[in-house]
Amino acid sequence: MEKILFESYKDYFKVGAAVSGFLLMSKEEIDEHFKQMAIRMEEFKKNFKAPPGAPQFKFPEPPKFPEGPLPDYDLAKKQFNLIVAENDTKMDAVYLGEDNFNFKMADRYVKFAKENNQSLRWHTLVWHNQSPRWIFKDKDGNKVSKEVLEERLKKYIFTIGKRYSDDICSVDVVNECISDKNFVLRDGADRSMWYDIIGPEYVDKAFFWAKEAFPKSNLVINDYNLEMIEGKRQGMYNLVKGMLERGVPVDTVGLQMHINYENPSIEEIEKTIELYGSLGLNVIVTEMEVSAYLDKDFQKPDPRREYTKEFLDLQAERYYKLFECFKKEAKAGILKDVVLWGITDRLSWKNNFPSPGRTDAPLLFDNDGKPKPAFDRLVR
Ligand code: XIL
């Protein structure tokens, strides 16, 4: 009998995956996408001015799309009972202008999830990254007022809710709002135009609007390194505790969990989940993968390019221990879903991040879609 990942965990939590837009695009659309990317790269090169005295900058090669059909498509259908768009439900993909919404890809995700009996998450409503540039500007290119930006955000949240709320199990209402510098809300100096223009209350407001617009969905505040960095974990705790005291309808903390084969320890992860659980909140693991690189190897070249059997077994054991911990936290009533940020290593965003030009192997299926030891270890 074929091994199915989500079935092994169906008594505990849903097992999800981020699905790349390429899986739901036609060949023509993909070609056009890469053509546009090449044009943007040329523009960038033309306008690029290196600071005086800087070493010569080597522009990366434009990425190439793998030839032939991608195994990810069938794996997405079969192995997971929850999906989320890796990019296509971010604000810059959907909210193209004041009255200009692009629902094309989001509709395809809804259709795909329905056809395959899967739950669907919405990632994300408010984020300092991948927001459209127009939204912060008036017609003369100046910063908009607080009132205008609030109106635009509200319209976005209600438009998305009206069209999709019945199809969405959980929404990342606010993404990555805790600063890595001081563990309080990320401000304008730390790249949040939302904070810069609206002020700290943008978070509460987004949740109140989301509650009206998505009355049946779980409302998530999502961030990275909460399980890794104690100060950040506590910063998020302080934020959500304050929100609950103010009656803000946040009900779930999303742990992105972009982690590696060694850190953080299972104990730290348990502690993190239980800390938010102690406030009566649920936890979802929203974007997990297990990188082949430790943080201290940041930007080192590729010593593991071959991903030895020894490494793959180590990674398998790590995935197993993580999922055992998730089972425990699901039994305790805190943990709801576990979502992996991709399906095959080939399409993982960790290729090139955080080190341009370096590949990684953080997921359950190899470049060709073959199950890795980690998959076999997780599935009974
Ligand atoms: C990443 C995608 O995987 C990439 O394809 C894209 O180029 C950049 O964004 N935290 C998040 C996700 O909340 O949206 C990010 O996804 C990964 C980090």
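Which pocket is the space taken by the ligand? I opened the predicted model to find out. The ligand takes up the space of the second largest pocket.

**Entry 1: the pocket**

I looked up the volume first. The second largest pocket holds about 860 Å³. Its lining counts 35 residues, and those closest to its centre are Tyr224, His258, Trp349, Lys350 and Phe353.

**Entry 2: the shell around the ligand**

Next I turned to the ligand itself. I found 13 residues around it, and Glu86, Lys90, His123, Glu287 and Trp341 are the closest. By class, this shell has 4 charged, 6 polar and 3 nonpolar residues.

Which side chains place an N or O atom by an oxygen atom of the ligand? I noted glutamate 86, where the distance is 2.5 Å. I also noted asparagine 87, at 3.0 Å from a ligand oxygen atom. Asparagine 175 went on my list too, with a polar side-chain atom 3.0 Å from an oxygen atom of the ligand.

How much of the ligand's area does the protein bury? I looked up the ligand alone, and it exposes 420 Å². The protein buries 77% of that area.

Technical notes. Residues are numbered from 1 along each chain as its sequence is written. This is a predicted model: local features need pLDDT of at least 70, side-chain atom pairs count only at pLDDT 80 or more; totals for chains, interfaces and linings use all residues. Side-chain values use heavy atoms; hydrogens and water are left out. A residue is near a molecule or strand if one of its heavy atoms lies within 4 Å of it. A polar contact is a pair of N or O atoms within 3.5 Å; within protein, one must be able to donate a hydrogen and the other to accept it, and residues adjacent in sequence count only if both atoms are side-chain atoms. Accessible areas come from the Shrake-Rupley method with a 1.4 Å probe; for residues, only the protein chains shown count as cover. On a 1 Å grid over the protein atoms alone, a cavity is a set of points where a 1.4 Å probe fits but cannot get out, and a pocket is an open set with protein on both sides within 12 Å along at least five of seven lines; lining residues have an atom within 4 Å of a point. A molecule sits in a cavity or pocket if more than half of its atoms lie within 2 Å of its grid points. Ala, Val, Leu, Ile, Met, Phe, Trp, Tyr, Cys and Pro count as nonpolar, Asp, Glu, Lys and Arg as charged, and the others, Gly among them, as polar. Grid points are joined across faces, edges and corners, and a volume is the space filled by probe spheres set on the points.
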